[in-house]
Amino acid sequence: MAPLASRHVTVALTAYNDEASISDAVADFRTRPEVRRVIVVSNDSTDSTFARAEATGAITINESSPGYGRCVFRCLTEAAKFEDVDFIVLCEGDRTFRASDIDKLLAYAPHADIVNGTRTSESLREYTTQLSIFMYYGNIFVGKLLEAKHLGRSTLTDVGTTYKLCRRDALRAILPLVNPAINLEFNAHFLDVALEHNLVVVECPITFHRRVGVSKGGNVNNWRGFKVGINMIRGIVFGWKTKKRDVLAQHET
Ligand SMILES: Nc1nc2c(ncn2[C@@H]2O[C@H](COP(=O)(O)OP(=O)(O)O)[C@@H](O)[C@H]2O)c(=O)[nH]1
Ligand SMILES: [Mg+2]
């Protein structure tokens, strides 16, 4: 594969009431030489997330529609607007992921349209994280199901990681096809759409750390993780629909 013409990236971070972590997250990404800019999409945070992101030098945007899917979709949409880079890095502002992994994501960039982080390399995971044993194996299971759906196209061991690198042109091609109303299942949906449209998805093991601040996503407890997993399986097997729950997606999810 040809070497990259440029290693520059635009980083976009999700944030919802993440005032405890957002400054460190933005600062971490801004130290990387490849990072042209950091965008933070605050999902109508009621704490000082927005102000702190701005004070740390991020381009700060408010997404007023609640829900993880809406927030990620806005991150990708805003980041894809910048034409001076070939790559978009999507991540969370909760310090579970670190900027130094951009090196690893970029190492696979010549081989893929999407380099998707996987949290299932045990030796790279902090001993205690929000990913319980149940969710660890749940992600592998749903990953393998998605892999089987697109047999021979990709190797998948995690369907819940936000951290990923996308080629800007590939991302722009599939963004109109993904549904931002799909909430905590959004990552599985995104990968499914990407594979459906013949994008090359390569997994890359990334480090996974304990969260700073309070968790609000699918990792709050095993029961919620289980429900998210079931919805992912339903979407993969029967197709992704916008459910009433998604339309009404509230910040508590
Ligand atoms: N759960 C949830 N997360 C949101 C929302 N809007 C933005 N986010 C962000 O999306 C990420 C959720 O990721 P996840 O790892 O599943 O849960 P976490 O433990 O809260 O980080 C976090 O960075 C949140 O700040 C929302 O409405 N609900
Ligand atoms: Mg998180």
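Start by selecting Phe97. This residue is buried, at a relative accessible area of 2%. Keep in mind that the model is predicted.

Phe97 and Tyr163 make a tilted aromatic pair, with 5.4 Å centre to centre and 50° between the planes. Phe97 belongs to the loop between β4 (87–92) and α4 (102–108), and Tyr163 to the loop between α5 and β6, so the pair ties together parts 66 residues apart in sequence.

Stay on Tyr163. Is it buried or exposed? Tyr163 is buried, because its relative accessible area of 0% falls under the 20% cut-off.

Next, select Phe29. What kind of aromatic pair do Phe29 and Tyr163 form? Seven aromatic pairs are counted in the model. Phe29 with Tyr163 is one of the pairs, and its geometry is edge-to-face: the centres are 6.1 Å apart and the planes make an angle of 85°. The two partners come from distant parts of the chain. Phe29 sits in helix α1 (residues 22–30), while Tyr163 is in the loop between α5 (133–149) and β6 (164–167), 134 residues apart. Phe29 is buried as well, with a relative accessible area of 1%.

Bring in Phe208. Ring pairs join Phe208 with Phe29, Phe97 and Tyr163 in a cluster.

Last stop: Arg119. Where does its charged end sit? Over the ring of Phe208, 5.4 Å from the ring centre.

How values were computed
Residues are numbered from 1 along each chain as its sequence is written. Chains are lettered from A and ligands numbered from 1 in the order in which they are written. This is a predicted model: local features need pLDDT of at least 70, side-chain atom pairs count only at pLDDT 80 or more; totals for chains, interfaces and linings use all residues. Side-chain values use heavy atoms; hydrogens and water are left out. Rings of Phe, Tyr and Trp (its six-membered ring) pair if their centres lie within 6.5 Å; planes under 30 degrees apart count as stacked, over 60 as edge-to-face and the rest as tilted. Helices (H or I, at least four residues) and strands (E, at least two) are DSSP runs, numbered from the N terminus. Buried means under 20% relative accessible area, exposed over 50%, partly exposed in between (1.4 Å probe, protein chains only). A charge sits over a ring if NZ of Lys or CZ of Arg is within 6 Å of the ring centre and within 35 degrees of the ring normal.
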